[in-house]
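Open the structure in your viewer and keep the selection tool at hand. The stops below each say what to pick and what is there.

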Amino acid sequence: TNIPFLQNVLSNSQFLYSTVDTQFIDENQELFNLKPTQNRAQKLLHYLGHIMVNGPMTPIPVKAKSSSVDPVIPFVSLGATFDVAMRFLWECPWKRLQELRALIPNVPFQMLLRGANAVGYTNYPDNAVFKFCEVAKENGMDIFRVFDSLNYIPNMLLGMEAAGAGGGVVEAAISYTGDVSDPMRQKYSLEYYLKLADELVKAGTHILAIKDMAGLLKPEASRILVGALRDRFPDIPIHVHTHDTAGAGVAAMLACAQSGADIVDVAVDSMAGMTSQPSMGAIVACTRGTKLDTGVSLDRVFDYSEYWEVARGLYAPFDCTATMKSGNADVYENEIPGGQYTNLHFQAHSMGLGNKFKEVKKAYAEANKLLGDLIKFPFSRSRSTYVSNDQQIGILPESPISFE
C-alpha cells in the first residue's frame, strides 16, 4: 500500500545522489503527492480471497430453470463430502456421517484421503491426519481410499498408516494416466504401475485401487493392467474407478471385471455418463446371465434412476449438461480429469468463451507436455458411487457407499 510513496522516494534527486539526512521527509513534502493507481494486484487478491471464502459468484451462463416437480424418494440414502458439507451446506460433516450411519447400519462407508493432505488442500501435521482418521472411523467411516495426485509414495504411506491406526480398512489407490496399451507411451508404462503396486502391497494395503480420473482406461489397457495386477497379487481385492468422459467407460469396466477386478465404480443411470461414472444399469444388464452377474434387479436400478432424474432437474441451472451435451473422446488427447473438465467447460461459457473451448483444451494439452506429462488430478470433487465387495460388479445390499 506504500508503493506510490516509495516510487516518489526512488525518483527524488536528493535520494538518488545520496544526500539525504534525517530531515529528508520533512523537507520533501512532494513525496506525499501520490499518483493514484489501478491497483490490479490488490483487486485480484481481494477477488481470490472472496472466492475462496464465499464460493464463485460468476453469473450462470444458461437460462435453464429448476424443476417444479419434487422427486419421490426411494428407500436409499447418499452422502456428500466433508468439504462440501462445511463450505457450501454449512453443516457439520461429523453429524451428517453419524446420521447416515444410523440410517444405514449394514453398508460399509468409503471416503477419499489425500495422504498427508487428509481431506484438505495443503499438508497438515502428521498428528492432525492421524486424529482425523481416528475421528472419522469413530463417526462411522469404514474404508479409506488413500491416494496422492502424483503417486508420491511417502505421502501415501502416511495416509495409509493413519487410516490403519484409526481402525479403518486401507485402500491404496494408484492414480492412472497415459495408456499402458500404447508402446509409445513409456513414462507411465505397465512396469511403472506394477512397481507402485508392489510398494503399496508391501506397505500392507488391504485393497488395491486404480483411480482413473480422466477416464483414460481403454478396454485393452484395462485388460493389460488389471490382468497383470491380478497375476501378481492373486489374493488382494482390486478396485477400479473411472470416468465416462470419452463414452467407453462401460466397455472398460467390463474388461476390468473380466480380467479380475473385484470392484468397479458406477453411477445410477440418470447421473451417469460424460464426466460421471459409467452407467450402473448398463453394467448390470451386460453382466446378467454371466459369471459376473450382479444379482441386482434392473427394476430396482430403474427406481434409483427415476428418483435421480427428477432430483437432477432441481439443479438444472447448475448441471453440467446446461453447457455439455455429450462426452468427447478427445479426452484421450488432452487427458483432462472429469471434475476439471466439467469446471473448465462451465467456466469457459461463463466468460463468454464457450465457442473457444476447443482451444482451451488444446492449450491444456500443450501445458501438460511442457510440464513433463503430469498425472492430471482435480483438486476437489463430490460424487457418490456404488461399488460391490463380492467378486462382482454393481450394487449389492451390503456394498460400500463412497464419499468422494
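**Stop 1: two loops**

Select Ala118 to begin; it sits in the loop that runs between strand E1 (109–113) and helix H7 (126–138). The model is a predicted one. Check the backbone of Ala118: phi is positive, about 55°, although the residue is not a glycine. Most residues other than glycine have a negative phi. Is Ala118 buried or exposed? Ala118 is buried, with a relative accessible area of 6%.

Now select Trp90. Look for Trp90 in the loop between helix H5 (82–87) and helix H6 (93–103). Phi of Trp90 is near 55°, again a positive value in a residue other than glycine.

**Stop 2: the whole protein**

Zoom out and colour by secondary structure. The protein has 16 helices and eight strands. Of its 404 residues, 49% are buried. How far apart in sequence are the residues that meet? Take the contacts between residues at least 6 apart in sequence: 71% of them join residues at least 24 apart.

**Stop 3: a helix pair**

Select helix H10 (residues 219–232) and helix H11 (residues 249–258). Their axes come within 8 Å and cross at roughly 25°. Angles under 35 degrees count as roughly parallel, so H10 and H11 are roughly parallel to each other. The crossing of H10 and H11 is right-handed.

Show side chains at the contact. H10 contributes Pro219, Ser222, Arg223 and Val226, while H11 contributes Ala251, Ala252, Ala255 and Cys256. By type, the residues of this contact divide into six nonpolar, one polar and one charged.

**Stop 4: the cores**

Next, look inside. The largest nonpolar core has 68 residues. Which of them have the most contacts inside it? Pick Tyr176, Leu225, Leu229 and Val240.

Stay on Val240 and show its surroundings. Leaving aside neighbours within four places in sequence, Val240 is in contact with Ile210, Leu217, Val226, Met253, Cys256, Ala261, Ile263, Val264 and Asp265.

A second, separate core has eight residues, including Cys320, Tyr341, Phe357 and Tyr364.

**Stop 5: Phe357**

Phe357 lies in helix H16 (residues 357–370). Its relative accessible area is 5%, so Phe357 is buried. Which residues does Phe357 touch, not counting those up to four places away in sequence? They are Tyr341, Leu344, His345 and Ala348. Tyr341 is another member of the second core.

Draw a distance from Phe357 to His345. The two are twelve residues apart in sequence and 6.8 Å apart in space, C-alpha to C-alpha.

**Stop 6: Ser305**

Finish at Ser305, in helix H13 (residues 298–313). Is Ser305 buried or exposed? Its relative accessibility is 11%, so Ser305 counts as buried. Now show what surrounds Ser305. Not counting residues up to four places away in sequence, Ser305 touches Val268, Asp269 and Ser270.

Definitions and conventions:
Residues are numbered from 1 along each chain as its sequence is written. This is a predicted model: local features need pLDDT of at least 70, side-chain atom pairs count only at pLDDT 80 or more; totals for chains, interfaces and linings use all residues. Side-chain values use heavy atoms; hydrogens and water are left out. Axes are lines fitted to C-alpha atoms, for helices over the stretch in contact, and angles run from 0 to 180 degrees between N-to-C directions. Helices (H or I, at least four residues) and strands (E, at least two) are DSSP runs, numbered from the N terminus. Angles under 35 degrees count as roughly parallel, over 145 as roughly antiparallel, 65 to 115 as roughly perpendicular and the rest as oblique. A crossing is left-handed if the near helix is turned anticlockwise from the far one by less than a right angle, and right-handed if clockwise. Contact means heavy atoms within 4.5 Å. Ala, Val, Leu, Ile, Met, Phe, Trp, Tyr, Cys and Pro count as nonpolar, Asp, Glu, Lys and Arg as charged, and the others, Gly among them, as polar. Buried means under 20% relative accessible area, exposed over 50%, partly exposed in between (1.4 Å probe, protein chains only). A nonpolar core is a set of buried Ala, Val, Leu, Ile, Met, Phe, Trp, Tyr and Cys residues joined through side-chain atoms within 4.5 Å.
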